[in-house]
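Please open the model in your viewer, with the sequence panel beside it, and follow the stops below in order.

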Amino acid sequence: MFTASDKELVADKKKPVENEWFCMMEGIFNTLNHTMIGVVCIYTSWLCWINGFEKLYTWHVFLTLIGYHLLMAEGIVLLYSGNGWTQKLTHSHKRTVHWLIEVVGCSCCVVGIALEIYFRESTNRRHFSSSHSIVGLVSLAFLALTLVNGLMALFAPELRRRIRPIYSKLGHYLTGTVCYVLGMVAIVLAYEKKIYRQNTITEGITMMTVFTIAVTVLSMVGVVKTVYNQVKTLAK
């Protein structure tokens with residue numbers, strides 16, 4: 001018969017093994033995420049090259065994809081404790097790199113969307129007439145909100161007399177999540193556009209759709225955990 005102390009000893013031995021398996025699976029999914037991000041970005045960049053960078057629409061596709069699918073995704077993932085290439089960075093360094101990447105990513109998105117608006121204006125085409133463009137516009141609105149409360153989160157210690165740091169950080173996480181997810185939804189909707197249908201095969205579009213959805217889900221794991229912990233803190 002096992003005594004209570006024996007059962008505790010067995011349980012303690014199981015914990016390192018479970019943690020080892022968790023870390024291994026975490027590393028595998030993290031590597032898959034980075035791989036899928038790279039595949040979609042390289043594949044779409046090649047399609048943009050075929051379509052011609054002398055066209056404004058090509059730059060819209062290229063910049064928004066780089067902004068959302070590459071830079072925003074990597075900027076989010078780097079804060080996750082299981083992310084490989086940032087594990088040795090301190091929290092302060094991670095925050096600095098996060099800001100740099102996200103500012104460049106947001107700039108790419110804003111410029112890419114502005115070019116498309118200018119292109120449609122100059123050719124007398126309707127604005128925001130498709131699901132893709134409407135979702136992209138809403139994402140842009142949340143991008144502006146994210147930058148504002150991102151500044152509040154960055155200077156949370158200085159603003160603690162006016163607002164608790166946890167509120168500004170939670171607001172940044174929530175608006176940033178909506179901005180990113182909507183941006184990725186807009187990219188998935190864009191896979192039905194002419195630039196993809198004319199320059200690649202159906203299997204290529206299916207691959208990019210699956211990869212983009214998977215990247216969105218995997219990139220949100222760390223954010224969901226952080227938001228959950230902060231909500232638990234607020235509930236105490």
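Throughout this tour, buried means under 20% relative accessible area, exposed means over 50%, and partly exposed lies in between, with a 1.4 Å probe and protein chains only. The model is predicted, so local features need pLDDT of at least 70 and side-chain atom pairs count only at pLDDT 80 or more, while totals for chains, interfaces and linings use all residues. Residues are numbered from 1 along each chain as its sequence is written, and side-chain values use heavy atoms, with hydrogens and water left out.

**The whole chain**

Begin with a cartoon of the protein chain, which has eight helices and zero strands; helices (H or I, at least four residues) and strands (E, at least two) are DSSP runs numbered from the N terminus. The C-alpha trace spans about 80 × 50 × 30 Å along its principal axes, and buried residues account for 37% of the 236 residues.

Next, select Trp-21, Met-24, Met-25, Ile-28, Phe-29 and Leu-32, which make a nonpolar surface patch of about 580 Å². Patches are made of residues with over 30% relative accessible area and no salt bridge, like charges being joined within 9 Å and nonpolar side chains (Val, Leu, Ile, Met, Phe, Trp, Tyr) within 5 Å; accessible areas come from the Shrake-Rupley method with a 1.4 Å probe, and for residues only the protein chains shown count as cover. Trp-21 belongs to helix 1 (residues 4-51), and Trp-21 counts as exposed because its relative accessibility is 54%.

**Helix 2: a kink**

Move to helix 2 (residues 56-77), and centre the view on Gly-67, where there is a kink of about 30°; the bend at a residue is the angle between axes fitted to the seven residues ending there and the seven starting there. The end C-alpha atoms of helix 2 are 30 Å apart, which agrees with the 32 Å that its 22 residues should span at 1.5 Å a residue, the expected span being 1.5 Å times one less than the number of residues. Because 17 of its 22 residues are buried, helix 2 is largely enclosed by the rest of the structure.

Which residue forms a salt bridge with Glu-116? Show side chains and you will find Arg-120, with the closest N and O atoms 3.0 Å apart; a salt bridge is a side-chain nitrogen of Lys or Arg within 4 Å of a carboxyl oxygen of Asp or Glu. A search of the whole structure finds one salt bridge. Both residues lie in helix 3, four residues apart, about one turn of the helix. An α-helix has 3.6 residues a turn, so residues three or four places apart point the same way. Glu-116 is buried at 10% relative accessible area, whereas Arg-120 is partly exposed at 23%.

Continue to Asn-124, in the loop between helix 3 (91-122) and helix 4 (131-154), where phi is near 55°, a positive value in a residue other than glycine. Asn-124 is exposed, at 73% relative accessible area. Phe-128, found in the loop between helix 3 and helix 4, has a positive phi of about 50° although it is not a glycine, and Phe-128 is partly exposed at 33%.

**Helix 7: Ser-219**

Finally, select Ser-219 in helix 7 (residues 202-219), which is buried with a relative accessible area of 3%. Its side chain makes a polar contact with the side chain of Asn-33 at 3.3 Å; a polar contact is a pair of N or O atoms within 3.5 Å, where within protein one must be able to donate a hydrogen and the other to accept it, and residues adjacent in sequence count only if both atoms are side-chain atoms. A polar atom of the Ser-219 side chain also lies 2.7 Å from the backbone oxygen of Val-215.
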